[in-house]
Amino acid sequence: MHDPTDPVGRLLFNVLGMVAEFESDLIRARTREGMATAKVKGKLKGRKPKLSPTRERLLVDLYRAGDRTITELMELFGVDRATIYRARDRHDASTSAADLTLPRIDA
């Protein structure tokens, strides 16, 4: 055992700490490199969505209708509360983006 209070012990622990930090930096760099390669090849897709686009549209339509509570929608679709809010926000964003891109028709 080395005593971390004497100069040799402090040097040893500092060197070991630097080696550990170097290793974690290498792992981080290799991970980023691998993810960039996968992205270029089209293999980096992320997590699969909980709901299909059709079911998500239905969920948002039911939410906007106001006939069902959030808890009922959670049970009906088997999703968490946050999933409902994310779906709503996604559809609000896509609706507002679609409104911005529609051509203006002046009569």
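## Overall make-up

The chain contains 4 helices and 0 strands, where helices (H or I, at least four residues) and strands (E, at least two) are DSSP runs numbered from the N terminus. Read from the N terminus on, the order of elements is α-α-α-α. The model is predicted, so local features need pLDDT of at least 70 and side-chain atom pairs count only at pLDDT 80 or more, while totals for chains, interfaces and linings use all residues. Residues are numbered from 1 along each chain as its sequence is written, and side-chain values use heavy atoms, with hydrogens and water left out.

Of the 107 residues of the chain, 12% count as buried. Buried means under 20% relative accessible area, exposed means over 50%, and partly exposed is in between, with a 1.4 Å probe and protein chains only. A contact means heavy atoms within 4.5 Å. Among contacts between residues at least 6 apart in sequence, 36% join residues at least 24 apart.

## Packing of H2 and H3

Helix H3 covers residues 70-77, and it packs with H2 at an angle of about 160°, the two axes being 11 Å apart. Here axes are lines fitted to C-alpha atoms, for helices over the stretch in contact, and angles run from 0 to 180 degrees between N-to-C directions. H2 is therefore roughly antiparallel to H3. The cut-offs for this wording are under 35 degrees for roughly parallel, over 145 for roughly antiparallel and 65 to 115 for roughly perpendicular, with the rest oblique. The crossing of H2 and H3 is right-handed; a crossing is right-handed if the near helix is turned clockwise from the far one by less than a right angle, and left-handed if anticlockwise.

On the H2 side, the contact is made by Arg 55, Leu 58, Leu 59, Leu 62 and Tyr 63, which meet Ile 70, Leu 73, Leu 76 and Phe 77 in H3. These residues divide into 8 nonpolar, no polar and 1 charged. In this grouping, Ala, Val, Leu, Ile, Met, Phe, Trp, Tyr, Cys and Pro are nonpolar, Asp, Glu, Lys and Arg are charged, and the others, Gly among them, are polar.

## Tyr 63

Tyr 63 is in helix H2 and is partly exposed, with a relative accessible area of 24%. Leaving aside neighbours within four places in sequence, Tyr 63 is in contact with Ile 70, Leu 73, Ile 84, Tyr 85 and Arg 88. One of these, Ile 84, is 21 residues from Tyr 63 in sequence, and the C-alpha atoms of the two are 8.4 Å apart in space.

## Glu 56 and His 91

Glu 56 is found in helix H2, and His 91 lies in helix H4, which covers residues 81-101. Glu 56 is buried at a relative accessible area of 11%. His 91 is buried too, with a relative accessible area of 18%.

Not counting residues up to four places away in sequence, Glu 56 touches Leu 51, Ala 87, Arg 90 and His 91. With neighbours within four places set aside, His 91 is in contact with Glu 56, Arg 57, Val 60 and Arg 64.

## Salt bridges

A salt bridge is a side-chain nitrogen of Lys or Arg within 4 Å of a carboxyl oxygen of Asp or Glu. By this rule the count comes to 4 salt bridges. One of them joins Arg 64 and Asp 92, whose closest N and O atoms are 2.6 Å apart. Arg 64 lies in helix H2 (residues 53-65) and Asp 92 in helix H4, so the pair ties together parts that are 28 residues apart in sequence. Arg 64 is partly exposed at 45% relative accessibility, and Asp 92 is partly exposed at 35%.

Another salt bridge links the side chains of Arg 28 and Asp 25, at 2.8 Å from N to O. Arg 28 and Asp 25 are separated by about one helical turn because they are 3 residues apart in helix H1 (residues 7-41). Arg 28 has 42% relative accessibility and counts as partly exposed, as does Asp 25 at 37%. Asp 89 also forms a salt bridge with Arg 88, with 3.1 Å between the closest N and O atoms. Both partners are partly exposed, Asp 89 at 41% relative accessibility and Arg 88 at 23%.

## Gly 34

Gly 34 is placed in helix H1 and counts as partly exposed at 38% relative accessibility. Gly 34 and Leu 44 are 10 residues apart in sequence, with their C-alpha atoms 9.8 Å apart in space.
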